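Student: Hi! Could you walk me through this structure in plain words?
Tutor: Happy to, let's open it up together.

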Amino acid sequence: MAEIYLVLGLVDYEGSSPIAAFMEREGADEFCERCNAYNSTPKPAPPSVEDDELWGDFTRQMDVWRKRHPAGLDGSINDRFIVAEVPLVAANA
């Protein structure tokens with residue numbers, strides 16, 4: 001039976017959502033690793049919530065970070081990524 005490989009984005013308190021599908025495991029693994037590596041790169045939040053200028057700068061930096069995420073803007077909200085192997089079943093099976 002044929003399989004496809006889904007890269008799933010996980011949010012610890014909400015479960016998972018599919019981000020991308022691959023025909024080959026290697027491509028899914030590489031994409032998953034890129035997403036997880038990118039997740040370790042955002043700047044830490046400012047120490048004070050009362051400094052509007054710092055928070056404005058931080059918000060702008062995070063907007064750029066999210067737009068550049070390998071998983072896309074919607075995928076950037078995930079905490080981590082995994083690969084799931086899924087059987088590919090014909091519609092009339």
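**Strands first**

Tutor: Strand S1 is joined to strand S2 by a hairpin, through 3 residues. Keep in mind that this is a predicted model.

Student: Okay! In which sense do S1 and S2 pair, and over how many bridges?
Tutor: S1 and S2 pair in the antiparallel sense, over 7 bridges. For one spot to look at, Gly-9 stands opposite Ser-17 in S2.

Student: And how many bridges are there between S1 and S3?
Tutor: There are 8 bridges, and S1 and S3 pair in the antiparallel sense as well. Look at Ile-4, whose bridge partner in S3 is Val-86.

Student: How many residues of S1 are buried?
Tutor: In S1, 8 of the 9 residues are buried, so the strand is largely enclosed by the rest of the structure.

Student: Let's switch to helix H1. Which residues of H1 are buried?
Tutor: Ala-28, Phe-31, Cys-32, Cys-35, Tyr-38 and Asn-39 are buried in H1. Seen down the axis of H1, the buried residues fall within an arc of 130 degrees, so they line one face of the helix.

Student: Why would residues a few places apart point the same way?
Tutor: An α-helix has 3.6 residues a turn, so residues three or four places apart point the same way.

Student: Nice. What's exposed on the other side of H1?
Tutor: Glu-26 and Glu-33 are exposed there.

Student: What covers the buried residues of H1?
Tutor: The cover includes strands S1, S2 and S3, along with helix H2.

Student: How far apart are the end C-alpha atoms of H1?
Tutor: They are 21 Å apart. At 1.5 Å a residue, the 15 residues of H1 should span 21 Å, which agrees.

Student: I spotted Cys-32 and Cys-35 in your list. How many disulfides does the structure hold?
Tutor: The structure holds 0 disulfides. The cysteine sulfur closest to that of Cys-32 is in Cys-35, 6.8 Å away, which is too far for a bond. A disulfide needs the two sulfur atoms within 2.5 Å.

Student: Are those two cysteines buried or exposed?
Tutor: Cys-32 counts as buried because its relative accessibility is 8%. Cys-35 counts as buried too, at 0%.

Student: Now the end of the helix. Where does Asn-39 lie?
Tutor: Asn-39 lies in H1, which runs over residues 25-39. With a relative accessible area of 17%, Asn-39 is buried, since the cut-off for buried is under 20%.

Student: What does the side chain of Asn-39 have 3.0 Å from one of its polar atoms?
Tutor: That would be the backbone oxygen of Asn-78. Beyond its neighbours up to four places away in sequence, Asn-39 touches several residues, including Trp-65, His-69 and Phe-81.

Student: Where is His-69 found?
Tutor: His-69 is in the loop between H2 and helix H3. His-69 counts as buried, at 4% relative accessibility. Among the residues that His-69 touches are Cys-35, Tyr-38 and Ser-76.

Student: Last one: what is Val-83 in contact with?
Tutor: Val-83 lies in strand S3. Leaving aside neighbours within four places in sequence, its contacts include Tyr-5, Leu-6 and Val-7, as well as Ala-28 and Cys-32.

Student: And how far is Val-83 from Pro-47 in space?
Tutor: They are 35 Å apart, C-alpha to C-alpha, and 36 residues apart in sequence.

Methods:
Residues numbered from 1 in each chain as written. Predicted model: local features only at pLDDT ≥ 70, side-chain atom pairs only at ≥ 80, totals over all residues. Heavy atoms only, no water. Helix = DSSP H or I, 4+ residues; strand = E, 2+ residues; numbered from the N terminus. Buried < 20%, exposed > 50% of the residue type's maximum accessible area, 1.4 Å probe, protein only. Polar contact = N/O pair within 3.5 Å; in protein donor to acceptor, adjacent residues only side chain to side chain. Contact = heavy atoms within 4.5 Å. Expected span 1.5 Å × (residues − 1). Arc of directions from axis to C-beta. Pairing = 2+ DSSP bridges.
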